[in-house]
Amino acid sequence: MRAPAKELFRDAAFPASDSSLFSSFSTPLAQFREEITWRRPQEICATPRLFAGSPQEGQVKQGLLGDCWFLCACAALQKSRHLLDQVFPPGQPSWLDQTYRGSFTCRVWQFGRWVEVTVDDRLPCLAGRLCFSRCQREDVFWLPLLEKVYAKVHGSYEQLWAGQVADALVDLTGGLAERWNLKDVAGSSGQQDRPRGTERRTCRQLLSLKDRCLLSCSVLGPRTGTRELGEFHAFIVSDLHELQDRAGRSVLLLRIQNPWGRRCWQGPWREGGEGWSQVEPAAQAELLSQLQDGEFWVEEDEFLREFDEVTIGFPSTEAGHLQSLHSGKVLCHTQELPGAWVKGQSAGGCRNNSGFPSNPKFWLRVCEPSEVYLGVLQRPRVRTAGRPGRDYQAVGLHLWKVEKRRVNLPRALSAPPVAGTACHAYDREVHLHCELGPGFYLAVPSTFLKDAPGRFLLRVFSTGRVALSAVQMAAPSPGRREAPPAGEWETVRLRGSWRAGQTAGGSRNFASYASNPRFPLSVPAGAGPRCVRISLRQHCCDHQCLPIGFHVFQVPADGGGQDASSLLLQEPLLSCVPHCYAQEVSRLCHLPAGTYRIVPSTYLPDTEGAFTVTVETRIDRRSIHSQEMLGQPLREASFMAVMKA
């Protein structure tokens, strides 16, 4: 008697239907809507397997979907079994196992944590063959399964149409990726931190990185030698090889893989091209024999001329630590904290805006001389209509060296930073590369425009010990407060307590009033009275609040020798009374230059409690004069023409 057929898993959250394929029907993929079917691997081939037996068999190939950017990043997983196991956990039952249930689980790094995503193994097909990504051997299925997981994370396959190789690299490794502009690699204008030097030196740097990193290159428009490549297309740099020509000069060749799986290079180093006449026949035969489907050789000068940018994934150790692209050192210390730009509160814009100091701020303590990478990773906003993809703000990051943690923030931020991104870029992540000495630093991520909302993750990778913490701003009072005028404010917090028989003197109705705590307040000279907000907050639960209030007394200009008791017998300049059963009371006022005393009190004497007095003084200063630049709109890699199966 035959055993009953097993019930295979069907993913209700990402079903085999149009809702998983399309988001807006705005790409050429929509023309295949009626023809796409869903099949499990055992319905596609006789003996499906998860992984290939050799790198050549597992070579990535692109189908109808414009996700070359994602497939280039997937090639990084083939360079490291550690990375592949991290994304595709080993030991999962596959098609020949008794425990196979039709599901697979992958891990994708999302905004600071690894997220496990499970899908069924029904895959989109045309005429019985995979219509999206596949491996060189079509009986190998790790790549189309991972592509399905990534499509589920983004909401649909169509949402993968066009993107950045760097973003996919970060999602598959949890690390960092750098983009180098090949058209302006020797300068600094309009680029975030990148190696400085000549174009030739840059390719020499790629030569040293080829075995440790994924290298990808992109073309962002049609070229003479690449007329069949298509616009906004990404490629894999499979290898770099340096050899001598017949005249003894050094020649650097780069082996490029087109995810389309066909050779489309028409330059002099194509198969049969005139460039090979410069080298020995044996070298020509050896290098041409290495070419796989979709690969071609290109010489260094052509590469820099015909391609627009290179993306480099940071290498990592078996322990999961990143290594510096510049020095090769292990970045074994990491820190990260979330943050947000909130409209009207902490979205101060770039340094061209007077509201810049209101941006989120972070303390970075460097404990020893260190090579440090700091990155600001945005949480993306999915586009609600039109073309697929995700939108990002133009963001930047600046760093100031400060002498101590109790620093006057507005004044510190008026000084030039020790490091900063050269422009505000529309990238998902921007980062700085610095050599920092021991001490405290202030990191300020910002958007280019003021009041542009967004969420981000500040990441720090360092060769030495570091500590990262957020600068805590004044907490808003739960009670009603007078709204302060717009501008920049300096905040001072003073802690105190009322102790029975010592400093709990009660209100001015009692003779013991003069024993209450007293706090000095100095208002510097300026163009006129300063706007000051004074708040008294008691440390208690709502149902245990004491009746509290405060008075402010002005110290006479010639009364430096006047004792405290005599001063407190005078009428206060301003008061926050009657005493209220509230956790916080406050007054907004305008005070002329001078010296003052703030006296907080409870209504009754000998009533014990702890409190904080907060003094916020509006700063009248000239606007910051900065020449912040806005980067170019982000150009995403995909391909424009649909490949016919």
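Residues are classed by relative accessible area, buried meaning under 20%, exposed over 50% and partly exposed in between (1.4 Å probe, protein chains only). By this criterion, 53% of the 645 residues of the protein count as buried. The structure is a predicted model, in which local features need pLDDT of at least 70 and side-chain atom pairs count only at pLDDT 80 or more, while totals for chains, interfaces and linings use all residues. Residues are numbered from 1 along each chain as its sequence is written, and side-chain values use heavy atoms, with hydrogens and water left out.

The secondary structure comes to 11 helices and 34 strands, where helices (H or I, at least four residues) and strands (E, at least two) are DSSP runs numbered from the N terminus. With contact taken as heavy atoms within 4.5 Å, residues 24 or more positions apart account for 76% of the contacts with a separation of 6 or more.

The "active site" annotation of the unreviewed UniProt entry covers C68, H233 and N258. These residues span 191 residues in sequence, yet no two of their C-alpha atoms are more than 8.9 Å apart, so they gather at one spot. The UniProt positions are given in the numbering used here, feature names are shortened, and annotations may be inferred rather than shown by experiment. C68 belongs to helix α3 (residues 68–77) and, at 0% relative accessibility, counts as buried. H233 is placed in strand β10 (residues 233–244) and likewise counts as buried, with a relative accessibility of 0%.

Helix α3 is mostly covered, 10 of its 10 residues being buried. The elements that cover these buried residues include β2 (60–61), α4 (81–87), α5, α6 (165–173), β9 (215–219) and β10. The packing of α3 with α5 involves W69, F70, L71, C74 and L77 in α3, which meet W142, L143, L146, E147 and Y150 in α5. The axes of the two helices, α3 and α5, come within 11 Å and cross at roughly 125 degrees, where axes are lines fitted to C-alpha atoms, for helices over the stretch in contact, and angles run from 0 to 180 degrees between N-to-C directions. The two helices are therefore oblique to each other, given that angles under 35 degrees count as roughly parallel, over 145 as roughly antiparallel, 65 to 115 as roughly perpendicular and the rest as oblique.

Several loop residues were also examined. E138 lies in the loop between β7 (134–135) and α5 (142–154) and counts as partly exposed, at 28% relative accessibility. The side chain of E138 makes a polar contact with the side chain of R129 (2.4 Å); such a contact is a pair of N or O atoms within 3.5 Å, of which, within protein, one must be able to donate a hydrogen and the other to accept it, and residues adjacent in sequence count only if both atoms are side-chain atoms. E138 and P48, although 90 residues apart in sequence, are 8.5 Å apart in space, C-alpha to C-alpha. R40, in the loop between β1 (37–39) and α2 (41–44), counts as buried at 7% relative accessibility.

Two non-glycine residues have a positive phi: A162, at about 85 degrees, and D451, at about 65 degrees.
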